Amino acid sequence: AASDVYKRQHYPVRFGTHVNSQFQPSMIDKINVSSTPLEDTTQTTTTLDYVRGDYNFDQLAIDLDYKTPKRSSGIHLFKRSYAGREGQFFHPTGSSLPLQQSYVLDYLSENNGWIAEASAGRFVTESGLPDSGVINGSLDDEILAAGLIVRSPDKGLQWTSHLALFHQWRKADVSWYSNRQKQFLNRTRFHQQVSGFSVGKIYPTIGLDLNLQSISKNDSSFVERSWSTFYSSADLLGSMPTTVGLTLIEEKAFPYFKVTQSIQLGILDLDAGIEQETSPTHKIIMNDENDHMDYRRTFFNLCIIRNNGEVSLVDQSTKLTFNENIYSSSQTGLTYALSLYDKLEFKGHYLLRSGHSLLFDGIGTSILFDASYSGQFNRFDMSLHFSANGMLGRSNDFQFHPIDGYPFEYYLYLDEPDDIWLLNASAEVTISSMTIIWSIKNILHAIEPTSLQLFPEKEEGDFLIQHYTQFPPMGRIVTIGILWTFDS
């Protein structure tokens, strides 16, 4: 869909995304077999997605999908370049290669009830990083990943197998990063499930998840480790999916369980759950004293559903125990979604949040208002989109590490960071199979003279956005793109 282009531009959505992921139940007991329908037709589809914008923003994605009866394959190519507002992402070698590029192949087939799905990809980053000297630092990163899923027919016993391989190496050469040697991460996952049998009136799924990992944080340290989880899942009482099992890490056994409950009572929809999980320590904080972390997640969601919308009361929390220290994160508030006349849609949230490092990014209140309109103008399909995201009550004790990718405590701020209001808008027009998309991010900075009149307490530069002290603040960015689909 054309709206997917808007979501893929990522400016800036990282802050808060990490924390939201901490509240989601783990996928230890799930193997996600593709739900893509395999039709009895032959079709070739090519999609061209090209975007140009401020600060040398240049993004191209090409998708080639080929479908025959009971088979589907695809080639997906992607590249993106972006200099940054102050040229901070120019590579110090002067390389003209894209900042990011990727190549992905996928295949899906069905034969007499057997489903096979395979995918392989290469993901490359060659980016400059802002540094204190005249020349930028650099980040060079490459990931190779592949996966294979096989599922037997749904007749009696059903077997599902998932094999995943992951290899990453990277080197960050910048003065403010302590580890400037090459780093490696390798992981192999082999996940097996058996279902289709009964124990009395219960129809369980038995699973075994095996993991091998090796990590090198610099030229002198190398760590290998393995862990496995054996579990059984079943839907108890018709509305209570439950998983229990054991996780084995370094010859130590830890309990694993996940219980969720879904109840519908008229216009009320209740979802709640709790999960206890133990996993090896993250590569950034691993040491010889403790080789595991304990997670406990709880969530509660009470939703009122009407014909044209819904409002939900949410309460989510995560607790991490590591090396006898307890870290926590929680958010409580409201979410909503409303549709009017099949053309107007509104959604958003108001969340109060708190937490500690490793799980929290320091945003105390998150407010989101999102509005979209879709309709026809003359003979063309048209859609408009506007969003306002408030990141309020920010703590001066937290930052999100731009290389290692986790929140950490940082005590060098002298003042509390300012609240952030990020306003974005986009417009899309579809002509036949081509969609033209125009978007603007950080509207308040784009119209700074007017914004200063509307908010007299603000000063010039206050509408720039800065999440990390070593990076220059971000301003507005305007892009225009074309999404073009060719069938057969």
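The structure is a predicted model, in which local features need pLDDT of at least 70 and side-chain atom pairs count only at pLDDT 80 or more, while totals for chains, interfaces and linings use all residues. Residues are numbered from 1 along each chain as its sequence is written, and side-chain values use heavy atoms, without hydrogens or water.

Strands are DSSP runs of E with at least two residues, numbered from the N terminus. Strand β23 spans residues 434-441, and six of its eight residues are buried, that is, under 20% relative accessible area with a 1.4 Å probe, protein chains only. Two strands pair if DSSP finds at least two bridges between them. Strand β22 (residues 420-431) pairs with β23 in the antiparallel sense over eight bridges, and Thr 430 has Thr 435 as its bridge partner in β23. Two residues lie between β22 and β23 in this hairpin, and Ser 432 in the turn has a positive phi of about 60 degrees. Strand β24 (residues 477-487) runs antiparallel to β23 and is joined to it by eight bridges; Ser 439 stands opposite Thr 479 in β24.

Phe 486 is located in strand β24 and is partly exposed, with a relative accessible area of 39%, where partly exposed denotes values between the buried limit and the exposed limit of over 50%.

Terms used. Helices (H or I, at least four residues) and strands (E, at least two) are DSSP runs, numbered from the N terminus.
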